[in-house]
Each structure stands twice: as structure tokens, then as C-alpha cells.
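Here is a short report on one protein model. Look over the sequence and the structure first, then read on.

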Amino acid sequence: MNAAPRRTSALIGMVGIALGVAGPVMLLRGRSGRKEIRAELAAQKITFPDHGLPAHLARFVGGPVETGPEAHAYAELIKDHLAKATGGRTYAEITEELHAGGGDDEKLAQLRQTAFMGETLRGSLLSAYQAWHLTTLVTGLGALLTGAGAALVATANALGADERRP
């Protein structure tokens, strides 16, 4: 009996077991991550306005922000409102304009504060949206690893059975 096929079968089985353990861990981490994102967004008690939403956000009217896609949609709403409030200028552009004018323009200073708060809120919501996508990736990889692990264990068992045949 040749030892190489036996070692190969054992190695394939060990890799399969490792993947079979890692996969469910990733599935659980993806699921718990998504649950945490939902809880954090819900705790903020952000709700879409009951009216006045752009057509592409109409399906969110009056609803809470509790998922990644909802966080993304609300971030887009903030982007639209900021563009209107600042004339399309960013916080950095307004700051530069304020400094160029000597920093004494109260109206411009307030506009800069508005831009800062809006861009910060938008960035936080987009981070939640990105984290939502990461949980999808982790969950998908977990399922893939679980399946690959099971296939490798089955392959190792089949190879081992061939070795035991006379």
C-alpha cells in the first residue's frame, strides 16, 4: 500500500475540516454584523420625510433608516439638500472662501457649519452602507467555504475508501 495517497487523502480531509469550521464562523459573523448595523441605525431614529422626496427615493417615504440600502438612500437625500444649501460647494470650498475673505463673514461661517454637519452625517451613513456590503461578502464567503469544506471532506472520504479496497 502506497503512503502518498493516504497522506493526500488525510491532507484533503484536514483542509476540508478547516474550511468546514471557518465557513460557519464567517456565516455567524456576517449575520451578527448585519444585526449590529441594523441596531445602530435603528438607534439613531432616522426617518425619511413624509413628503418632498425626489422620485428615485419615493419608495422610502416616511420609513425608518434601518438597513444599508436605506442608509445609502438617506445619504443621497443629504447630498441633494447640501447641494441646494451650499450652491454645490463642499465644506473645503466654503472654508477656503471664508479664509480668503478674512474669516469674518458670519453667513459663510454658518454655511460652513451646515456643510460640515451634512458631510459628516452623509459619511457616517455611507460607512454603514459599506459595512452592510461587507457583511454580505463575509456571509457569501462563509457559505462558499462551508460548501468547499464539505466537498473536500467527502473527497477525502472517497479517496480513503478507495485505499481500503483490496
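## A residue in a loop

Where is Lys45 found? Lys45 sits in the loop between α1 and α2. The model is predicted, and that holds for every value below.

Lys45 has a phi near 55°. That value is positive, in a residue other than glycine. Most residues other than glycine have a negative phi. Is Lys45 buried or exposed? Its relative accessibility is 71%, so Lys45 counts as exposed; the cut-off for exposed is over 50%.

## Aromatic pairs

How many aromatic pairs does the structure hold? It holds three. One of them joins Phe48 and Phe60. Their ring centres are 5.0 Å apart. Their planes meet at 20°, so this pair is stacked; planes under 30 degrees apart count that way.

The Phe48–Phe60 pair links distant parts of the chain. Phe48 is in the loop between α1 (3-43) and α2 (68-86). Phe60 is in the loop between α1 and α2 as well. Twelve residues separate them. Phe48 is buried, and Phe60 is buried too.

Another pair is made by Tyr91 and Phe116. Here the ring centres lie 5.5 Å apart. The planes are at 55°, so the pair is tilted. Tilted pairs fall between the stacked cut-off of 30 degrees and the edge-to-face cut-off of 60. This pair also links distant parts of the chain. Tyr91 belongs to helix α3 (residues 91-100), and Phe116 belongs to helix α4 (residues 106-164). They are 25 residues apart. Tyr91 is partly exposed, with a relative accessible area of 28%. Phe116 is partly exposed as well, at 42%.

Which residues do ring pairs link into a cluster? They are Phe48, Phe60 and Tyr74.

## A charge over a ring

Arg34 lies over the face of Trp132. The distance to the ring centre is 3.9 Å.

## The largest pocket

Rolling a probe the size of a water molecule over the atoms shows where empty space is left. How much space lies in the largest pocket? It holds about 400 Å³. Its lining has 19 residues. The closest to the pocket centre are Ile37, Glu40, Leu41, Ser124 and Ala128.

Which helix gives the most to the lining of the largest pocket? That is α4, with eight residues. α1, α2 and α4 each supply at least two residues of this lining. By type, the lining divides into eleven nonpolar, five polar and three charged residues.

Ser9 is found in helix α1. Its relative accessibility is 10%, so Ser9 counts as buried; the cut-off for buried is under 20%. What lies 2.9 Å from a polar atom of the Ser9 side chain? The backbone oxygen of Ala156 does.

Leu28 also has its place in helix α1. Leu28 is exposed, with a relative accessible area of 59%. Leu28 and Gly142 are 114 residues apart along the chain. Their C-alpha atoms are separated by 8.4 Å.

Technical notes:
Residues numbered from 1 in each chain as written. Predicted model: local features only at pLDDT ≥ 70, side-chain atom pairs only at ≥ 80, totals over all residues. Heavy atoms only, no water. Phe/Tyr/Trp six-rings, centres within 6.5 Å; stacked < 30°, edge-to-face > 60°. Helix = DSSP H or I, 4+ residues; strand = E, 2+ residues; numbered from the N terminus. Buried < 20%, exposed > 50% of the residue type's maximum accessible area, 1.4 Å probe, protein only. Lys NZ or Arg CZ within 6 Å of the ring centre and 35° of its normal. 1 Å grid on protein atoms, 1.4 Å probe; cavity = no way out; pocket = protein on both sides within 12 Å on 5 of 7 lines; lining within 4 Å. Points joined across faces, edges and corners; volume = space filled by probe spheres on them. Nonpolar A, V, L, I, M, F, W, Y, C, P; charged D, E, K, R; others polar. Polar contact = N/O pair within 3.5 Å; in protein donor to acceptor, adjacent residues only side chain to side chain.
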